[in-house]
Amino acid sequence: MVESNVPLATLHEQVVARFTARFGQPPHWVAAAPGRVNVIGEHTDYNDGFVLPMAIERFCVIAAAPAPAGSRGITWFDEIANAAVEIPLDAPITKGSPSWANYIRGVIAGFVEQGKAPPALQVYSLSTVPLGGGLSSSAALEVATATLMEAVRGEKLDPVAKALLCQKAEHQYAGVPCGIMDQFASALGREGHLLLLDCRSRETQAVSMSDASVSVLIINTNVKHELTGGGYAQRRAQCETAARTLGLPSLRSATQPVLDAARGKLDEVVYRRARHVIGEIDRTVKAVAEIRAGRWEAAGQHMYASHASLRDDYDVSCEELDVVVDIGRSIGMAGGVYGCRMTGGGFGGCAVALVQTSKVAEIAARIASEYEARTKIKPTLFLSRPASGAVIL
Ligand code: GLA
């Protein structure tokens, strides 16, 4: 019922073997970066708020070696696309097709811009981060690419600068106006810890998550309702409108009374968006305090409240995510579920639950069977301990 995670050491061996089979030489460099799951703090990052993600034991792993003499660019084979792309290095790097390569192009362009162009390369990438599931498969690809560039050049960037370079790649090459949570989690995640990130100051704090009696269960609804970032960009613009109307630099500086006082000046939808953000920033701070104190049930209550707000005020949930959360709630504390909510951008993708480790098997079986009975869709479930951020292997 619960899918297992392929260990990073095994992925390392696989990428070396597959690179060697494809290019006829072993790789010189291997880099990996994880996906992430966000425990709480959703749609708060681009409002300068707090987020609480963790890196997961699902990785994008990339191997590379210098290209044969005479080649002037990068030949990049991606296993999921089952296709290769050529990235010329003797001309400006532009976005284009295939679109999966835009994340890579954007990151390499970021290095070139800083005078850190790589040499001609042969590259092989694989990933165990589910695509389009709200677990930041794109950030994992970006951060793994940046980490590979660091390995190739033998020169590390400051990790915050690296995360920002990757975010810029996503903005400019993939056209998604994302916040900074995903790239930070993938670059700076710490084993055994959640990452509390203040998106205004960009300061991070590691929040220990080493209590073995509590597990993080990830439930993929296996639906994706929106293919482009249209709904995401619209939410972001609505938040900016709200902040502007309130005369504030961002919704981080707003409070519920300030918002209520300006209600008459705000469109009803914009008001609801802002109410979500203000409440979510507050819940994230409170959830961290509960987690630090080991009060899992109280932390779980904030997760349910987060989900309700994302569903009712932010309108980024969907029926399938609501079904998962509803099942989690019906299993409840008695059955070992502390809390459950949608995670990531929304419109489908994954839910995250904090559960009692001793009851994982029963919980997973019940979520899977009830979800399938109610939606006619098979979900995918897996566990993850907080993993470490990007590494050169
Ligand atoms: C996506 C974005 C993040 C963040 C979440 C919502 O994952 O990439 O920056 O905004 O959505 O919390």
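Analyst: What follows covers disulfides and then pockets. This is a predicted model, where local features need pLDDT of at least 70, side-chain atom pairs count only at pLDDT 80 or more, and totals for chains, interfaces and linings use all residues. Residues are numbered from 1 along each chain as its sequence is written, and side-chain values use heavy atoms, with hydrogens and water left out.

User: How many disulfides are there by the rule?
Analyst: A disulfide is a pair of cysteine sulfur atoms within 2.5 Å. The count here is 0. For Cys60, the nearest cysteine sulfur belongs to Cys166, 11 Å away.

User: Is Cys60 buried or exposed?
Analyst: Buried means under 20% relative accessible area, exposed over 50%, and partly exposed in between (1.4 Å probe, protein chains only). Cys60 has 2%, so Cys60 is buried.

User: Which residues lie nearest the centre of the largest pocket?
Analyst: On a 1 Å grid over the protein atoms alone, a pocket is an open set of points where a 1.4 Å probe fits, with protein on both sides within 12 Å along at least five of seven lines; lining residues have an atom within 4 Å of a point. Tyr103, Gly132, Ser137, Ser138 and Glu170 lie nearest the centre, among 48 lining residues.

User: Where does the largest pocket lie?
Analyst: Domain bounds come from an automatic or database domain assignment. The largest pocket lies between domain 1 (2–208) and domain 2 (214–384), because both give residues to its lining. The second largest pocket also lies between these two domains, since both contribute to its lining. Its lining has 18 residues, with Asp45, Tyr46, Asn47, Asp48 and Arg236 nearest its centre.
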